[in-house]
Amino acid sequence: AAEPTAATAAEPTAATAAEPTAAAGAAPAELQVDKSKLSKELHIYNWADYLDPTVLEDFEKEYGVKVTMEVYDNNEDMIAKIRPGNSGYDVVFPSDYAVEIMARDKLIAPLDKALLPNIANNRPSNMDLYYDKGNMYSVPYNYGTTGLAYDKSKFSTPIDSWAAVFDQAQLEANKGYISMLDDEREVPGAALHFLGKSMNDTDAADLKQAEDLLKTQKEYISGYDSSNVSRRLASGEIVAGQIYNNNALQARTGIEGDYSGNDNIVFVIPKEGGTVWQDNVCIVADSPNVYTAHVFLNYLMKPEVAAKNTAFNLGVTPNAAAEKLLDPKIQELYKEGFAPDDATLKRLEWIVRNDKTVAFTDLWTAVKGE
């Protein structure tokens with residue numbers, strides 16, 4: 001499959017949480033599960049803290065299938081585990097670009113839509129995206145954005161630009177209290193956006209300019225952090241940070257049994273642009289439990305199940321029917337900016353990966369190694 005030539009608003013984009021639902025009509029027909037075809041076990045490979053454990057328990061009780069789950073830190077590790085075959089996994093949760101790679105390399109199985117009636121609950125704008133036209137191999141699970149979160153009590157005026165983390169005067173004012181993600185595409189991408197470029201720009205001169213900007217920034221930030229930025233924002237250890245929208249929402253609301261939220265946390269997509277991404281559910285090509293895997297995918301797209309998972313991971317559900325079941329507080333926070341509206345979507349880009357974008361690995365190595 002070809003990479004998109006541009007990953008801007010011209011690309012199909014994930015839906016705004018506020019748009020009219022696609023599932024406004026009758027509910028999809030219930031899947032008539034043939035329990036004689038179900039396997040005794042189902043093995044899932046997923047991101048950490050992404051699926052409510054009670055959902056797995058409920059699936060086990062309803063269908064008598066023992067579900068086990070292991071977790072991975074990034075798409076590359078997951079693909080490397082699946083690629084040789086006989087991984088032992090049935091279901092995986094790849095991000096947008098990873099679906100394209102896995103479908104091209106025949107690592108995931110074509111879907112039988114007759115076994116997935118609940119796919120009708122998803123918004124059309126979260127379907128048929130560049131990485132899997134026609135959703136031949138994937139169904140959407142969760143989507144989100146990357147931007148900036150900050151403690152509004154620490155700033156005299158609202159933040160609306162990447163200048164908050166790249167302009168030297170602003171960096172000096174908050175030295176040691178700003179963090180960036182630990183990601184070789186998101187961090188240079190933010191620098192390129194600040195410079196007025198696409199985050200997928202691979203022009204050598206532009207990449208050198210972004211590299212220099214990041215090297216200058218480095219002495220002013222607390223570090224690169226993708227794992228604990230929400231906790232650090234909530235506690236006041238940092239006052240601003242590059243972050244995923246769901247982690248920003250966690251900083252705002254807290255995580256029960258883990259840490260308290262901070263009502264002053266605001267999330268914005270800077271005016272120069274940000275990232276949109278979507279994670280999906282797929283069936284591993286050599287899974288011996290394909291029928292059971294389809295039943296599981298269809299189960300995840302039940303409105304009440306999708307709503308439960310969204311309340312757990314605090315992302316944005318592509319399931320239009322599920323959104324109506326979310327806590328009204330979460331829906332209000334979506335409207336406040338923790339989910340993208342139509343205007344915001346126009347400033348978001350998908351991350352493109354191709355032969356030229358390997359240049360970002362060299363750039364990132366140079367920045368972190370200095």
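Let me start with a term: a polar contact is a pair of N or O atoms within 3.5 Å, where, within protein, one must be able to donate a hydrogen and the other to accept it, and residues adjacent in sequence count only if both atoms are side-chain atoms. Hi everyone, and thanks for coming.

What we have here is a predicted model, in which local features need pLDDT of at least 70 and side-chain atom pairs count only at pLDDT 80 or more, while totals for chains, interfaces and linings use all residues. Residues are numbered from 1 along each chain as its sequence is written, and side-chain values use heavy atoms, with hydrogens and water left out.

Our opening example is Tyr-334. Its side chain reaches the backbone oxygen of Gly-315 at 2.6 Å. Tyr-334 sits in helix H13, residues 328-338; helices (H or I, at least four residues) and strands (E, at least two) are DSSP runs, numbered from the N terminus. Is Tyr-334 buried or exposed? It counts as buried, because its relative accessibility is 4%. Buried means under 20% relative accessible area, exposed over 50%, and partly exposed in between, using a 1.4 Å probe and protein chains only.

Now to the annotated residues. In UniProt, an unreviewed entry carries a "binding site" annotation that covers Tyr-97, Asp-183, Glu-184, Arg-185 and Glu-186. A word on that record: its positions are given in the numbering used here, feature names are shortened, and annotations may be inferred rather than shown by experiment.

Take Tyr-97, which lies in helix H3, residues 96-104. With a relative accessible area of 6%, Tyr-97 is buried. What does Tyr-97 contact, leaving aside its neighbours within four places in sequence? The partners are Asn-75, Glu-76, Tyr-130 and Arg-353, where contact means heavy atoms within 4.5 Å. With Asn-75 there is a side-chain to side-chain polar contact of 3.4 Å. As for Arg-353, its charged end sits over the ring of Tyr-97, 3.5 Å from the ring centre. For that label, NZ of Lys or CZ of Arg must be within 6 Å of the ring centre and within 35 degrees of the ring normal.

Next is Arg-185, in the loop between strand E5 (178-180) and helix H6 (186-194). Arg-185 is buried too, with a relative accessible area of 3%. Beyond its neighbours within four places in sequence, its contacts include Met-199, Asn-200 and Arg-353. The side chains of Arg-185 and Asn-200 are joined by a polar contact of 2.9 Å.

Let's finish with rings. How many aromatic pairs does a search of the whole structure find? There are 17. Rings of Phe, Tyr and Trp (its six-membered ring) pair if their centres lie within 6.5 Å; planes under 30 degrees apart count as stacked, over 60 as edge-to-face and the rest as tilted.

Tyr-224 is buried at 18% relative accessible area, and Trp-364 counts as buried at 8%.

Tyr-244 and Trp-277 also form an edge-to-face pair, 6.0 Å centre to centre with 85 degrees between the planes. Both Tyr-244 and Trp-277 are buried. Finally, Tyr-45, Trp-47, Tyr-72 and Tyr-89 form one aromatic cluster.
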